[in-house]
Amino acid sequence: MSIPGVSEMTSPGTPLAPGHAPDRSGDPVLEIRGLCVDYGFGDDAVHAVADCDLTLGRGRVLGLAGESGSGKSTLAMAAIRLLRSPGVITGGEVLFHPRPASDGEPATTMDLLAAGEEQLRAVRWSEIAIVLQSALNALNPVSTIGAQFDELLATHRPGLGRASRRDRAGDLLELVGMTPERLRSYPHEMSGGMRQRAMIAMALALDPQVMILDEPTTALDVVTQREILEELMGLRDRLGFAALFITHDLSLLVEFADDIAVMYAGRLMERAPAASLFRAPRLPYTYGLLHCFPPMHGERYRMEGIPGSPPDLRDLPPGCAFHPRCQWAMPQCRQDVPKLEPLAGSPREVACWLHRGKATAPPELKLPDPAVTRPRTAPVIDTSAERAV
Amino acid sequence: MNTLALVPNVGAETPVLEGRGLTKSYWVKRNTGLLARRSRLHAVDDISVQLMAGAVTAVVGESGSGKTTVARLLARIVKPDTGDVLLDGQPVAAARSRKFAAQVQMVFQDPFASLNPVHRVRHHLARPLQIHHIADGDVDEAVLQLLHRVALDPPVNFADKFPYELSGGQRQRVAIARALAVRPRVLLADEPVSMLDVSIRLGVLNLLADLRDRERLAILYVTHDIASARYLADTIVVMYAGQLVEAAPSVSLTDSPAHPYTQLLLSAAPDPERRERPQLAARGAPPSLLAPPPGCRFHPRCPHVMEICKRMAPPTVTVSTGHAAACWLHVDSTNGVVDGVGVTPTTSPSPQREAEVQRPP
């Protein structure tokens, strides 16, 4: 079971107790450095992800926002080596820091991009689990939920007997608000929300440290979406995993993420605490994006959104990829690509020439940071009964 | 069964397009072999909507609530089991005639699927012009005019493009231009922006708003996104499990929702302005339309459910001017008089209201 470079895994049969409360909360658990991903080779290659740096803190929720084709899913898939052909990782490193062993000895960091198949097998699902958007495609349509849990636990927890595997699968379903009877169901017999809950239960089965949530609720109705996100965040508080939450819906991230990173045309453009990003964006694109969501309260007024449309990755404009749509574009924006760099005196980063050198940022992009971040309390989740009718 | 139209009275003006008591059910096959049987799926149940000239009416609901079926019934693509569609107050013949199509046009959800990939933009716009004998003299000029109307400028650049050369927003604009080609007075837009990127959705919504204001089009906007309905629509109707539950001017509906289901939808919608996490007003999922619950269809999920909700379908109650809801909470139980002050301004019920409500066991 012990593989070099990987911390000792949770012993078989460990109940899902709040034993892994993040005592080292905020320390990096997943560090993406200079990641580059191309689709295709040579001169025709499309740079889907270009030179991205992103750090996920232990027990934190990092939101990754961007429009379709901005490379957010590609970034996450490449980082955990699930990228499919014709995607090619052309550079960078992804450092995974396992949790320290129980005897206090620090665990060795591993580079996922350099790891071999065996090392990856040990990390995937046990340490880094993923929840995909389409649960109907991700679940096996011809076997029951129970059989899929059983296969998973039998493979990764060979010490468990058949009965304890079943018990554990039942516990996991209860954790996400379903009854253990659902183990006998096939995916098609369940509603979309329940399928997604089953997916989350499966992802949690081996008590991972990192959850990749790739548009986990996009296909669901708003009520189900909120139920599931509340549950996920409650589980995060109890189990202490870190989450990389990918979605196109920035308004959702403002409510549920600790930090938000914004991607545009394959590059990370801004990263900030959620409240700061929402109240005081520094990037013109973020500013525009925030003004694309009509408000639910107050006076109705005409909003203009962002002019133009996202660029074609095969034919990116020179300089900053956003400059053709940017109302504050300067001559420099048309020539040089801005790098994601920290802003002086704040815990945030932005890739924009307006905040560099002698340039003066417009007042809209200089709003003061909110002083206190909103307290995040775990909603009380009643997991005693299956809620879906 | 309530037969009242759940529509705010806009005045004496005749609606351009009106649906009256539209009901549609589908027969679906369940199980196979010896157990096979056909069951009736109640997709849309006794729905009335009025589309006024120069106004946007939004239909909001979750998936499966029947909102797309309503749009299709109004477009005469789907034949209702019972109920009528009226154009300018006159019943429309059962068959979908060219005359009707010239007045009522649809815009579909997926602009990647609704345009023919082997034809240029020009072809998509010229066909309806030729079929309906509009602009017989100069079709090319009319095509450019159409492109200009949907703000695809300069039009000459777009006329000869294929759909794959356009972005999602541009494609949806072409689809809208195609619908406008026959000079309709009603546009039925079924989730026109849900497949588009966030940053270009507002552009298409603003285009619909301009068509309403400049050309006095009557527009039906079907959506699951209540925030965008509030932004664009003059009137919002909320559907649940095939029925209308609430109808009101859009700001009135979102600021003071009267029906518990509308309150639930609003509490679940993403809202970055919120200071704290909302408490969901109810949980669970919509009922199966094969065997909808008796009484009010929302009662199994309703936090304010009363005995009567389980037995009888609620009547339509006017809670304030132009604001109607189908809910027993707004009916005075002793004499059946409409309780005009029962609108709960927030998503949580007033203490008084809560006291008179019986909790489910």
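User: Is B:Arg185 buried, exposed or partly exposed, and what is its relative accessible area?
Analyst: B:Arg185 is partly exposed, at a relative accessible area of 32%. The cut-offs: buried is under 20% relative accessible area, exposed is over 50%, and partly exposed is in between, with a 1.4 Å probe and protein chains only. Keep in mind that this is a predicted model, where local features need pLDDT of at least 70, side-chain atom pairs count only at pLDDT 80 or more, and totals for chains, interfaces and linings use all residues. Residues are numbered from 1 along each chain as its sequence is written, chains are lettered from A and ligands numbered from 1 in the order in which they are written, and side-chain values use heavy atoms, with hydrogens and water left out.

User: OK. Which side chain does B:Arg185 meet in a salt bridge?
Analyst: That of B:Asp88, at 2.4 Å, N to O. A salt bridge here is a side-chain nitrogen of Lys or Arg within 4 Å of a carboxyl oxygen of Asp or Glu. B:Arg185 sits in the loop between α6 (168-180) and β7 (186-190) of chain B, and B:Asp88 in the loop between β4 (82-87) and β5 (90-91), so the pair ties together parts 97 residues apart in sequence. Helices (H or I, at least four residues) and strands (E, at least two) are DSSP runs, numbered from the N terminus. B:Asp88 is partly exposed too, at 36%.

User: How many salt bridges are there over all chains?
Analyst: 33.

User: And which chains does the pair of A:Arg302 and B:Asp210 link?
Analyst: Their side chains meet at 3.1 Å, N to O. This pair crosses between chains, from the loop between α10 (284-290) and β11 (341-342) of chain A to helix α7 (residues 198-215) of chain B. A:Arg302 is partly exposed, at 43%.

User: What about B:Glu273, what is its partner?
Analyst: A:Arg279, in a salt bridge at 3.6 Å, N to O. That pair also runs between chains, with A:Arg279 in helix α9 (residues 274-279) of chain A. B:Glu273 is partly exposed at 44%, as is A:Arg279 at 32%.
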